[in-house]
Number of protein chains: 2
Amino acid sequence: MALMSINSAVDSGFLEALRAIAGGRVSLSIAVREQHGRDEGHHETCPPDVVVFAESTEDVSAIVTLCAAHNVPVIPFGTGTSLEGHVAALKGGVCIDVMRMNEVLEVNAQDLDVRVQPGVTRKQLNEYLRGTGLFFPIDPGADASIGGMTATRASGTNAVRYGTMRENVLSLTVVMADGRIIRTSRRARKSAAGYDLTRLFVGSEGTLGVITEITLKLYGVPEAMSAAVCSFETLEGAVTTVIETIQNGVPVARIELLDDVQMDAVNRYSNLEYPVQPTLFFEFHGSAAGVVEQTETVKTLADENGGGSFEWATHEEDRSRLWQARHDAYYACLALRPGAKGMPTDVCVPISRLAECILETKKDVEETGLLAPIVGHVGDGNFHLCIVFDPDDAEESARVHALNERMVHRAIAMDGTCTGEHGVGCGKQDFLIAEHGDAVSVMRMVKTALDPQNIMNPGKVLPGN
Amino acid sequence: MALMSINSAVDSGFLEALRAIAGGRVSLSIAVREQHGRDEGHHETCPPDVVVFAESTEDVSAIVTLCAAHNVPVIPFGTGTSLEGHVAALKGGVCIDVMRMNEVLEVNAQDLDVRVQPGVTRKQLNEYLRGTGLFFPIDPGADASIGGMTATRASGTNAVRYGTMRENVLSLTVVMADGRIIRTSRRARKSAAGYDLTRLFVGSEGTLGVITEITLKLYGVPEAMSAAVCSFETLEGAVTTVIETIQNGVPVARIELLDDVQMDAVNRYSNLEYPVQPTLFFEFHGSAAGVVEQTETVKTLADENGGGSFEWATHEEDRSRLWQARHDAYYACLALRPGAKGMPTDVCVPISRLAECILETKKDVEETGLLAPIVGHVGDGNFHLCIVFDPDDAEESARVHALNERMVHRAIAMDGTCTGEHGVGCGKQDFLIAEHGDAVSVMRMVKTALDPQNIMNPGKVLPGN
């Protein structure tokens, strides 16, 4: 049985024109459409009417031009690892899968930058860079595409040291809603020449244009790297250690918090035997002497806050195993309750409010009786709840949404944000006005100017769009 | 003799309404208007019709609302230390001087951030922070206002380590062209919630709105700081040292190049006796051990590239004297030819092209016979020419503009930018399309959406606006 066409503008004439551009790279298969209508979050699958596998910027431009002429929605798609329904085709339309655009186009080793197509994944890029002495640090956990990471302003475990996609994108090639192709910036490290279009597209979630090339900053592989795990008597002690580390200006590369529930899940899932206690995962980068200096400082701070001994991982293999366990946290949560779904949600607050925000949230979780481990990129003030629940249970679902809402409003009241890194998608639109007030109207002016037909990933980011 | 009113909409009815808002803070004095119609660059003075000294965000909002109703241009004004005619009232109108809005509103020491009014200067802010263990690093040379630095995306000597205003502004309060007041972001260090309006206003040069509050990142004062001066046999050796320092990932806080002509000027102006040779000024920040490690690496690189001995300045006083000499470079240039004017112009290129770009520019300067010292924030790939000339000499002026044009097009051809930090103003608009191509049309869509009447600092940034 074929899915009903959701958007009536996707008719046989339109499909014929699309095939004239992309030939056999156009798919109407139900399986392909459904796979392109969902991400890894809890949102319902919303398949597009058609999926087209793009192969070049010019290809994307031709497709978008056609869509504009027919008023058909355009949804860019990478690895589908977003979490807030970013790829759901709420109004049907054309999903542009960019995963065949997966070439590393140009490494400028001397300038510490690289230009890639949007379908290159972060692991693929680092594999490509192996042996050059360079690496790309941003690591949101999933092996996401660079295009998707740019579109959602991803960050992850290394952001405390290396920044987010906001700080690490130098330039973009973008196909606009009318098909025109622009390059947002030259390759110089800084510029005062005109409006910062690069940053405007970073985090725009496909609602302003389709990103078809990305120039990224790279970094020299540090002389020394080591990772450590440290358990704490209390959640407060762990969070205080984080805050003091940041306030002391220690340039930690990673500082991740997992609460007791999350540690239990990780132990079970990854076959580990860490104490079931609030735990910090650290990574230190620098010169040999610098790394020693950093770790001494952090050990002292941990000691003063009820931390146990540091369990070290200096070999690359051991470090990888440790971070794989951390990255599998989400799947570990899901495994706690087979058959259930996860609602991964994140907020970010000024670090002075982090302990308060996490402790109140932990108390709230306990009072609801829900299963919701806490894990976070706490060096940035960013933490996640992964609420594990049965979406078919209306009463439980209602409690889950209420818990999420309370956490978001708690963060906003502390001058924080409704999402530090997952993005808005169609999951957090309702919080945007609480967070940004009248600035949302200015965002809408920008959206309307750049996409007057509202064909670019409609129904995302701006409420009521 | 009163100046003629440039904009006919500024009539007695308008002035009466303006006085109803701002009372005695409205000035029609010729001296005040002329002082507000020029900056420190070579552009002609273009006085506004009226200057109003704003005292609050609400005040600015009321003034802008009035201007919108009467279609009167609005030009924000800080210290007047910009260089590309940013404050010239090309179409007359109201200059809003924000220097009475000079309060530090809130220091969040634990979060390493501060909220200030736009008239606070960078030196005032650091004076205010003295004793807190925190500092604000961005240093464009002039004691500029934070509002102006934000509006022009300023950077300067410390940017190689601490980034530019792009990386250091957390949030803004902005009065839009219709008078509405928005806050662009909350205070969390990162967010994925909506379009990055903060970065859109940073560097918009008053053409999208008036910035009335700025939240900035702060940094802990490093445990150790030391500065050094090192002369080189050749310009190439100095530039190569810079490139290798950056490529080795040494986190230098400052690395500044002055060519032989500039060193001669600095010696004369600041009464110093440095060798008249291409010279690097360094500053190192970090732990005591870290600073030693950094300096050892850089000394080795300098040695290999024909550098002489390092002359050290570790005491704050000595460091200040050294950097004051560097900051006075522009005035030192002007003093080389009393009565002449300076055209300070800057470009920025990927660092792999820096040596080539500087050497070709130096050769070009020599061939023109013009007096044009080179000085630069070379760690970013950014350098300046300060062309000293007689603006009343049409032939010399033509050679000056041609030299500037060749340098800009040389930089753009190397994937660089027409301005790394001075901004576009009304001096570099003609290069914007060469640099950004069709992206300029997207900038224009944003401008038209946010300022449909084109009253916000008209004639700046976008060509033909």
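Which residues are buried in helix 14 of chain A? I kept in mind that this is a predicted model. I found Leu354(A), Ala355(A), Cys357(A), Ile358(A), Thr361(A), Lys362(A), Asp364(A), Val365(A) and Thr368(A) to be buried. An α-helix has 3.6 residues a turn, so residues three or four places apart point the same way.

Next I asked what covers those buried residues of helix 14 of chain A. The cover includes helices 9, 10 and 15 along with strands 13, 17 and 18, again of chain A.

Helix 14 of chain A runs over residues 354-368 and spans 21 Å from its first C-alpha to its last, close to the 21 Å expected. After helix 14 comes Gly369(A), with a positive phi near 75 degrees.

Then I turned to the pair of chains.

How much area do chain B and chain A bury between them? I get about 6400 Å², 55% of it on carbon and sulfur atoms. In chain B, Arg186(B), Lys190(B) and Tyr195(B) lose the most area to chain A, together 15% of what that side buries.

Last entry: the rule finds ten salt bridges across this interface of chain B and chain A. I looked up the one joining Arg186(A) and Asp415(B), at 3.6 Å, N to O. Helix 17 of chain B gives the most to the side touching chain A, with nine residues.

How values were computed: Residues numbered from 1 in each chain as written. Chains lettered and ligands numbered in written order. Predicted model: local features only at pLDDT ≥ 70, side-chain atom pairs only at ≥ 80, totals over all residues. Heavy atoms only, no water. Helix = DSSP H or I, 4+ residues; strand = E, 2+ residues; numbered from the N terminus. Expected span 1.5 Å × (residues − 1). Buried < 20%, exposed > 50% of the residue type's maximum accessible area, 1.4 Å probe, protein only. Contact = heavy atoms within 4.5 Å. Buried area = accessible area lost by both parts, 1.4 Å probe. Salt bridge = Lys/Arg side-chain N within 4 Å of Asp/Glu carboxyl O.
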